[in-house]
Amino acid sequence: MKHTKIQQLALERIYRLFELAEKEFQKHPKRSKRYISLAREIGKKATARFPFELKKKYCKKCNSVFTQTNSETKKTGDLTAIKCLECGAQRKFGTKPGPKRKEAF
Ligand SMILES: [Zn+2]
């Protein structure tokens, strides 16, 4: 599916905000979380879906961007579980047999 111009622009801004969030996380965790929530708002307004690579980069519960120190990734077969060490929330990503990729939460 092709993105509309608005969605394309939204995605560019979202990527930028993720970059900033990663950069600021150590020194300004609050600001960093704000960037992530902004990115999510932009995505919602433009109805742009987050690319998979971004979806697994932040905590849906507390908006922390995942770094090597604040997340734990466990792989079991095709399933990847990411645990947020900031708030304890866990997210699971995986490929299930069948035509559609299933995302379990
Ligand atoms: Zn969290």
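Two residues are in contact if their C-beta atoms, placed from the backbone, lie within 7 Å. Keep that in mind for this talk. What you see is a predicted model, where local features need pLDDT of at least 70, side-chain atom pairs count only at pLDDT 80 or more, and totals for chains, interfaces and linings use all residues. Residues are numbered from 1 along each chain as its sequence is written.

Confidence comes next. pLDDT is the predictor's confidence in each residue, from 0 to 100. The mean for the protein chain is 89, and 90% of its residues reach 70 or more.

Now the layout. Helices (H or I, at least four residues) and strands (E, at least two) are DSSP runs, numbered from the N terminus. The protein chain has 3 helices and 4 strands. From the N terminus on, the order is α-α-α-β-β-β-β.

One more term. A residue is buried if 20 or more other C-beta atoms lie within 10 Å of its own, exposed if 12 or fewer, and partly exposed in between. Of the 105 residues, 20% count as buried.

On to helix 1, residues 5-24. The expected span of a helix is 1.5 Å times one less than its number of residues. Which residues of helix 1 are buried? They are Ala 10, Leu 11, Ile 14, Leu 17, Phe 18 and Ala 21. They cover an arc of only 125° around the axis (taken from the directions from the helix axis to the C-beta atoms), so they sit on the same side of helix 1. An α-helix has 3.6 residues a turn, so residues three or four places apart point the same way. The other side of helix 1 carries Lys 5, Gln 8, Glu 12, Arg 16 and Glu 19, which are exposed. And the cover over the buried residues? It includes helix 2 (29-45) and helix 3 (52-55).

Helix 2 has 17 residues. Its first and last C-alpha atoms lie 25 Å apart, close to the expected 24 Å. Ser 32, Lys 33, Tyr 35, Ile 36 and Ala 39 are buried there. Their arc is only 155° around the axis, which puts them on the same side of helix 2. The face turned away from that side has exposed Lys 30, Glu 41, Lys 44 and Lys 45. Helix 1 is part of what covers the buried residues of helix 2. Just after helix 2, Thr 47 takes a positive phi of about 45°.

What about the core? A nonpolar core is a set of buried Ala, Val, Leu, Ile, Met, Phe, Trp, Tyr and Cys residues joined through C-beta atoms within 7 Å. The largest one holds 16 residues, and those touching the most other members are Ile 14, Leu 17, Phe 18, Ala 21, Ile 36, Ala 39 and Val 65. Helix 1 gives the largest share of this core, 6 residues. Leaving out residues up to four places away in sequence, Phe 18 touches Ala 39, Leu 54, Lys 57 and Val 65.

Last, the strands. Two strands pair if DSSP finds at least two bridges between them. Strand 2 (residues 79-84) and strand 3 (residues 90-94) pair in the antiparallel sense over 5 bridges. Ala 81 stands opposite Lys 92 in strand 3. The two strands form a hairpin with 5 residues between them, and Gly 88 in the turn has a positive phi of about 90°.
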